[in-house]
Amino acid sequence: MVTVALFVPCHVDQLYPQVGMAALKVLERHGVKVEFPEDQTCCGQPMANSGCAEEARPLAERFLSVFGGYEYVVAPSGSCVSMVRNHYPDLLPASDELESVRRRTLELCEFLTDVLHVERVEGRFPHRVGLHRSCHGLRELRLSSGSERNVPAFDKVKGLLSGLEGITLLEPSRPDECCGFGGTFAVNEAPVSTLMGKDRLADHERMGAEIITGVDASCLMHLDGLIRRAGKSIRVRHVAELLAGEA
Amino acid sequence: MASVETHAEAAARFVRDDARVHWHDQAVWFVRQKRDVASRAVPDWEALRERAEAIKAHTLSNLSAYLEEFERNATRLGAVVHWARDAEEHNQIVHGLLAEHGVRLLVKSKSMLTEECHLNPYLEARGIEVVDTDLGERIVQLDHKPPSHIVMPAIHMKREEIGELFHATLGTERGLTDPKALTERARRHLREKFMTARAGLTGVNFGIAETGGLVVVTNEGNADMGTSLPPLHVASMGIEKIVPRAADLGVFLRLLARSATGQPVSTYTSHFHGPRRGSALHVVVVDNGRSALLARTGFRRALACIRCGACLNTCPVYRRSGGYSYSWIIPGPIGSTLAPARDAGAHASLPFASSLCGSCSDVCPVRIDLHHQLLGWRREIVARGLLPPGKRAAMAFASWAFRGRRRYELLGRLGRWFLRTLPGLAGALGRGWTRERELPPAPRESFRDVYRRTRVQS
């Protein structure tokens, strides 16, 4: 039996406990033994993306010591996984431990498709769902092929979701434009950030989506904040919730 | 450190006109889509990008040797090669050449390098009339503005505005807005300049080391018009424009126009191998900070840029903030990586003018890891103490809070309680978030609370 350490990013832990629970449920349903190391806090991405390497470094070290001993580390977040996998080498000296943690830290959907080789997720989700391809999952983890590159099309998230009974997956006209969250960018450049988010919402609404889903709760938090302010009927749900069969 | 308007401040102004910002976004996105179609039509597109990246990396690693080879071969062909350490030297050399030839009117084709060197005002102050002959460049020149995009200089202007401008500056009839008619009037105006100018200046897209030849790419043929008649051709070239072999053009020319405008090839690809009979060719090779950037191993990849503008077109921030919200003459992701290399203090906000979505890195025909470059510059700006102290302090506090499990859990609980109990105050404190967005939910239990309650059996 595969043992997995569940990495629940700080914003998911504090604001979206249901997303963490859904990820736990999905993993267990696929026969995985899941542990939640309680000493975990934050991967350091907010500091690192602000250029504050000194502030991010101790958190990267902490991450290695908390998660170092596990077979796999899985998180319901593309962005935080990319932080570990692609940006820790900017903060930490090269070591076997770092390489090994980087290699074994995966986003939930890629863990299901690439490690467990799940082809079809059991469940039902009879809704019209717009797919938001969060940037770091898309372009840093390559969860899908992306609109920029000339490579054979693939999409690990869509592949999993399309197995759900009754689901209608909808593509926005701009298939993978950024929602404008961008961490501290959301506040530093709030007018541009919110405009980007509103444009994404309008695109999904035009396609007739009832629900927008994605692999990052942070992007969804930003979109949800805009939705509730505008009193729109469209909703956001994390991919883990859909895969766990929770509307 | 001079206080420069930040990108965020300038962008906030641009965003205020909702209809205009969406018009701009759509106009630029249209070019990105054309690029997508064109790049998909080339089956080995990704291999070409890798090849281009490798050629550029190799060339930059051997740049001095290739520059000398270029000089030898260009000289053999009859061109005169000048070396300019910086913008000032470049301008002096160009002015010296024009003065020597008694030039009163200079026609220029597109060159971001001369924009970077502020050549036009330099020459104008010395009594030389300078006419930009690329249509978009001419439009912004008549409007006394810099280009807002490196390939489409007047992309920020609507045709009605260009009609007004032409009425005021070229004497066209009021209310003329038909693009074809406006272009025709500009063409007639420019023909006159081409016929009378005694010198033509062009930029350089590629300087070929093994032949000493120059390649200039345009869509309007204005580089050829400007160099075919006058007895003097001055070509301004950044040191990074060198390619080793003529065969390398087979890689770069296939990438350039497709990435820039979605055309399979630009309308004119002009090769200059030595001077035209009866005229002189002077090549001014300019450093202006480039060799300093070359010495920075972490940042040198930005020198591989072939100025296609694809990263601007794909950038969701550029499209929604416009070229003038950037404090540097080259806007968008590539400008935001090049500008802080010149003056990190003056351009400290630019590396933060990005959501780090990474689309720029994936469209870049020479595979510059632009969004990682921006991240690298953020680190550099913090290391140089240029981040506003409040932001640094907030990050230091957050880092401290995350370094202990107990304090993280306690502060998390306090934070959620605060959000639940005093949402008004939380909203007021977090105006950056709440001006247009609701605060996130603040559940009573965190994930770990739920996990402990339901999963951990004592």
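Colleague: What does the secondary structure of chain A come to, and how are the elements defined?

Modeller: Chain A comes to 13 helices and eight strands; helices (H or I, at least four residues) and strands (E, at least two) are DSSP runs, numbered from the N terminus. The model is predicted: local features need pLDDT of at least 70, side-chain atom pairs count only at pLDDT 80 or more, and totals for chains, interfaces and linings use all residues. Residues are numbered from 1 along each chain as its sequence is written, while chains are lettered from A and ligands numbered from 1 in the order in which they are written.

Colleague: Why does the radius of gyration of chain A agree with that of a compact globule?

Modeller: The globule rule is 2.2 Å times the number of residues to the power 0.38, and the radius is taken over C-alpha atoms. For 247 residues a compact globule would have a value near 18 Å; chain A has 17 Å, and therefore agrees. Its C-alpha trace spans about 50 × 45 × 40 Å along the principal axes.

Colleague: What makes residues of helix H7 of chain A count as buried, and which are they?

Modeller: A residue is buried if 20 or more other C-beta atoms lie within 10 Å of its own, exposed if 12 or fewer, and partly exposed in between, with C-beta atoms placed from the backbone. In H7 (residues 108–115) of chain A, the buried residues are A:Leu108, A:Cys109, A:Glu110, A:Phe111 and A:Leu112. They pack against H2, strand E3 (72–75), strand E4 (105–107), helix H9 (156–161) and helix H13 (239–243) of chain A. Of the 247 residues of chain A, 61% count as buried.

Colleague: Why is H3(B) called oblique to H12(B)?

Modeller: The axes of helix H3 (residues 45–61) and helix H12 (residues 249–261) of chain B come within 10 Å and cross at roughly 120°. Angles under 35 degrees count as roughly parallel, over 145 as roughly antiparallel, 65 to 115 as roughly perpendicular and the rest as oblique; H3(B) is therefore oblique to H12(B).

Colleague: Which residues of H3(B) and H12(B) meet?

Modeller: B:Leu48, B:Arg49, B:Arg51, B:Ala52 and B:Ile55 in H3(B) meet B:Val251, B:Phe252, B:Arg254 and B:Leu255 in H12(B); contact requires C-beta atoms, placed from the backbone, to lie within 7 Å.

Colleague: How many residues of chain A are in contact with chain B?

Modeller: On chain A, 55 residues are in contact with 57 residues of chain B.

Technical notes: Two residues are in contact if their C-beta atoms, placed from the backbone, lie within 7 Å. Axes are lines fitted to C-alpha atoms, for helices over the stretch in contact, and angles run from 0 to 180 degrees between N-to-C directions.
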